[in-house]
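Biologist: Could we go through this one together, beginning with the ligand and then turning to the salt bridges?

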Amino acid sequence: MTSDERSILIIGRHGQVSRSLIELLEAGGQRFTVAGRPEADLRDPQSVRRAILAARPSVVVNAAAYTAVDKAKDEPDAAFAVNAAGAEAAAKAAADVDATIIHFSTDYVFDGSKRVPYVETDPVAPLGIYGRSKQEGEDRVAQANPKHIILRTAWVFSPFGSNFVRTMLRLSVERPEIKVVADQRGNPTFAPDLADLVGKLIPLASASSPDPRIFGTFHAVNRNETTWFGFAQAIIEGAARRGGRDIGVLPIGTKDYPTKAARPAYSVLSTEKLRAVYGLELRPWRDALSDCLDRLAGPPRDEAAEHSQQINRAGKFA
Ligand SMILES: NC(=O)c1ccc[n+]([C@@H]2O[C@H](COP(=O)([O-])OP(=O)(O)OC[C@H]3O[C@@H](n4cnc5c(N)ncnc54)[C@H](OP(=O)(O)O)[C@@H]3O)[C@@H](O)[C@H]2O)c1
């Protein structure tokens with residue numbers, strides 16, 4: 001079997017990025033396997049290793065993570081187990097079957113003190129446990145497998161799971177107005193656009209002699225920046241154009257909306273390296289938001305049933 005004939009293994013089943021990727025690969029008729037909880041749990045590194053050795057993929061995409069930014073403060077062991085030790089186990093097992101690992105990290109590895117977009121070589125200085133666990137994960141993945149592509153992304157939204165877009169839509173039904181933080185800047189990023197990007201990286205990563213320049217850490221976010229307030233305004237306006245309630249969106253400061261974990265005030269990411277190395281860039285976030293709202297406003301779909309059919313059609317490690 002040449003490496004091109006081997007398949008893709010996705011770690012994570014119901015997350016925003018994993019679901020988007022499953023949808024993309026399924027639509028493209030590609031061979032892939034999904035490894036997720038309970039049988040492949042990143043808190044149990046051996047279970048992840050078993051899944052990867054059994055599937056012998058050419059590319060492992062680790063779309064799973066401990067993503068509860070505030071809760072991580074109370075559960076540091078769980079955050080580090082999943083985001084650092086678990087990610088390392090996946091990268092190591094991938095290396096042992098000569099597979100590339102594509103792994104996701106976060107803008108929260110930065111402290112937000114810059115005022116121009118962060119580049120990949122900027123020093124990391126996470127403000128909280130989540131960011132620290134992801135930063136350690138980056139280091140351990142890179143150490144464990146020279147064939148790694150680490151994609152730092154940010155402010156992920158999609159039609160799936162819990163995310164800022166779905167929260168704003170829910171609040172727009174429940175409340176007459178919403179107050180949203182206007183002094184944190186970042187790049188909203190659409191999970192299906194990340195899946196498209198991964199879909200384009202897979203053939204490069206699974207080539208029998210990949211160009212070493214394709215490996216490393218890259219920033220991968222939708223184009224253009226905003227604040228959570230600007231993002232909320234665009235969501236409410238877009239929803240109103242599709243028949244939703246046009247409620248007021250008021251700007252507030254971070255100090256008026258205390259959270260357990262601190263967030264960087266500025267975590268805009270430069271995607272110049274992604275463009276220079278791969279010739280790829282993600283579209284403006286407003287265009288992606290429009291697609292997301294169309295999908296959420298479309299005819300009701302049984303998303304859960306469709307998703308479990310997709311997983312069943314894919315190989316499943318059990
Ligand atoms: N969400 C954001 O705003 C954001 C921002 C920056 C970076 N990122 C990064 O982007 C990546 C994808 O995030 P996302 O938004 O798609 O996450 P998500 O929607 O919160 O989904 C998390 C995924 O991780 C899986 N998972 C959690 N604990 C696990 C464990 N112990 N073992 C195996 N799987 C486990 C979940 O499993 P189940 O399938 O069982 O539910 C789920 O599939 C992550 O690396 C995240 O750190 C996200």
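This is a predicted model: local features need pLDDT of at least 70, side-chain atom pairs count only at pLDDT 80 or more; totals for chains, interfaces and linings use all residues.

Biologist: Which residues come nearest to the ligand?

Modeller: There are 26 residues around the ligand, of which His14, Asp41, Leu42, Thr67 and Lys134 come nearest. The shell divides into 12 nonpolar, nine polar and five charged residues.

Biologist: And which atom of Thr67 lies 2.7 Å from an oxygen atom of the ligand, a side-chain or a backbone one?

Modeller: For Thr67 it is a polar side-chain atom, whereas Gln16 places a backbone N or O atom 2.9 Å from a ligand oxygen, and Ala65 has a backbone N or O atom 3.0 Å from an oxygen of the ligand. Of the 890 Å² of accessible area that the ligand has on its own, the protein covers 85%.

Biologist: Changing topic, how many salt bridges are there?

Modeller: The count comes to 20. One of them joins the side chains of Arg152 and Glu138, at 2.7 Å from N to O, and this pair links distant parts of the chain, with Arg152 in strand E5 and Glu138 in helix H4, 14 residues apart.

Biologist: Is Arg152 buried or exposed?

Modeller: Arg152 counts as buried because its relative accessibility is 4%, and Glu138 is likewise buried, at 6%.

Biologist: What about Asp96 and Lys92, where do they lie?

Modeller: Both lie in helix H3, four residues apart, about one turn of the helix, and their side chains meet in a salt bridge at 3.1 Å. Together with Arg49, Lys92 and Asp96 are linked in a network of salt bridges.

Terms used:
Residues are numbered from 1 along each chain as its sequence is written. Side-chain values use heavy atoms; hydrogens and water are left out. A residue is near a molecule or strand if one of its heavy atoms lies within 4 Å of it. A polar contact is a pair of N or O atoms within 3.5 Å; within protein, one must be able to donate a hydrogen and the other to accept it, and residues adjacent in sequence count only if both atoms are side-chain atoms. Accessible areas come from the Shrake-Rupley method with a 1.4 Å probe; for residues, only the protein chains shown count as cover. Ala, Val, Leu, Ile, Met, Phe, Trp, Tyr, Cys and Pro count as nonpolar, Asp, Glu, Lys and Arg as charged, and the others, Gly among them, as polar. A salt bridge is a side-chain nitrogen of Lys or Arg within 4 Å of a carboxyl oxygen of Asp or Glu. Helices (H or I, at least four residues) and strands (E, at least two) are DSSP runs, numbered from the N terminus. Buried means under 20% relative accessible area, exposed over 50%, partly exposed in between (1.4 Å probe, protein chains only).
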